[in-house]
Amino acid sequence: MTDHREKEAKYFMRTGRRMDLLAVRGQGTKIWDEAGKEYLDFFGGPATISLGHSHPVIVDALVDQAQQLIHVSNQFYSLPQLRLAELLIEHSCFDRVYFQNSGAEANEGALKLARKWGKEKKNGAFEIICAENAFHGRTLQLITASGTERYKAPFTPLPEGFVHVPFNDVDAVKQATTANTVAVFMEPIQGEGGIIVPDDDYFKKLRAWCDEQNILLIFDEVQTGCGRIGRMFAYEYYGVEPDIMTLGKGIGGGVPLSAFLAKEHCAVFTPGDHGSTYGGEPLTTRVGAEVVSYIIDNDIPQQVTKKGELVERRLHSLQDRFPNVVQVRGKGLMWAVEFKGDIGERITNAALAAGLILNNVRPNAVRIVPPLTVTEEELEQGLAILEHVIAEDAGVATK
Ligand SMILES: Cc1ncc(COP(=O)(O)O)c(C=O)c1O
């Protein structure tokens, strides 16, 4: 057996704590470790393995594309990139797209676009209003846009031009708006922040304010996009159209692919403004095109809504029965269970030992973001493990 703990201690940068699991194989909602132990993966990336592990559509696309053309510079055209661009634009409210490799890169591109729009169309406005408790990525600019102080503190001085307001508070955005405000940049549901769902009318009010003030509305749909909450994109659920949207995670189903999309009126880049070596290469965009087609052709969002109802029912029953559960929240297949006290890690470790992979998204909460293709049987199985673990922790007997 590989001594992964020893190798990590010897060779790696110390950037985060890993779960004690060396994954060697994945299929659908399941992964296996070196000893052959099977786990249900309700973490999936997080929220990245949209079609499950090694879905045949993805494997076939990778093999076929690798044999034809893996990479070609963005100075040339490629068929997969053209196909994915057409799919995204024809199935969204946007007019133009640019491909990247990670969520952070897509967000960087979106913010550059907004800054240029401000320079050209709004008297040099540059300030971006973001939400407290947000997460947008790990570059210097995006830790600044994110709402978590401990991600920023070691890296000052940080880029200028970011203002933070409480999430789900339109008046706070109004008060923070100045002549310099160029955009409001938010996740439709805060993911890393602990699955925080705003009021249904929050974004409608925000959209109205942005229209009134000539401010761009940018949605970071890196986690919520591509079917995750039971709509192709979360903006559809809220009944608003942002000016710019970013995608990542699920669009690649496990390969590094992301994108930012914009309406024509703010797609102000001109040649030389932006670029990427790998962004949009044939290998990853071929997979992205297969993933997006699969989601559309099989009406995955509608299936996610149905599965989400099952999750919601089961989680609410936990809240009713166990004193250590204080809140459950989410939509579609994006959920969190919040506990009384910081027991998230204990619950996650106990679940792992019992064969269920979760993530303690906050010290006091675990997150459930299984593949969109998870079966109802697997959901029942995984949620039964979670229930058992929570009951044991609470000292309550289950049948
Ligand atoms: C909403 C959101 N935006 C951006 C990111 C950053 O994505 P990446 O890690 O691919 O850079 C994440 C990652 O968790 C995210 O949840």
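This is a predicted model: local features need pLDDT of at least 70, side-chain atom pairs count only at pLDDT 80 or more; totals for chains, interfaces and linings use all residues.
Colleague: Let's start outside: is leucine 79 buried or exposed?

Modeller: Leucine 79 sits in helix H4, which covers residues 79–90. Exposed means over 50% relative accessible area. Leucine 79 has a relative accessible area of 72%, so the residue is exposed.

Colleague: Nice. How much accessible area does the nonpolar patch of Tyr77, Leu79 and Leu82 have together?

Modeller: Tyr77, Leu79 and Leu82 form this patch on the surface. Their accessible area together is about 430 Å².

Colleague: Now to the pockets: which element gives the most to the lining of the second largest pocket?

Modeller: The second largest pocket has a volume of about 710 Å³, and 29 residues line this pocket. The elements that give two or more residues to that lining are H4, strand S4 (96–100) and strand S10 (258–262). With five residues, the element that gives the most is H4.

Colleague: And which residues lie nearest the centre of that pocket, and how does its lining divide by class?

Modeller: By class, the lining of the second largest pocket has 16 nonpolar, nine polar and four charged residues. Nearest the centre lie Gln81, Arg96, Val97, Tyr98 and Phe99.

Key. Residues are numbered from 1 along each chain as its sequence is written. Side-chain values use heavy atoms; hydrogens and water are left out. Patches are made of residues with over 30% relative accessible area and no salt bridge: like charges are joined within 9 Å, nonpolar side chains (Val, Leu, Ile, Met, Phe, Trp, Tyr) within 5 Å. Accessible areas come from the Shrake-Rupley method with a 1.4 Å probe; for residues, only the protein chains shown count as cover. A salt bridge is a side-chain nitrogen of Lys or Arg within 4 Å of a carboxyl oxygen of Asp or Glu. Helices (H or I, at least four residues) and strands (E, at least two) are DSSP runs, numbered from the N terminus. Buried means under 20% relative accessible area, exposed over 50%, partly exposed in between (1.4 Å probe, protein chains only). On a 1 Å grid over the protein atoms alone, a cavity is a set of points where a 1.4 Å probe fits but cannot get out, and a pocket is an open set with protein on both sides within 12 Å along at least five of seven lines; lining residues have an atom within 4 Å of a point. Grid points are joined across faces, edges and corners, and a volume is the space filled by probe spheres set on the points. Ala, Val, Leu, Ile, Met, Phe, Trp, Tyr, Cys and Pro count as nonpolar, Asp, Glu, Lys and Arg as charged, and the others, Gly among them, as polar.
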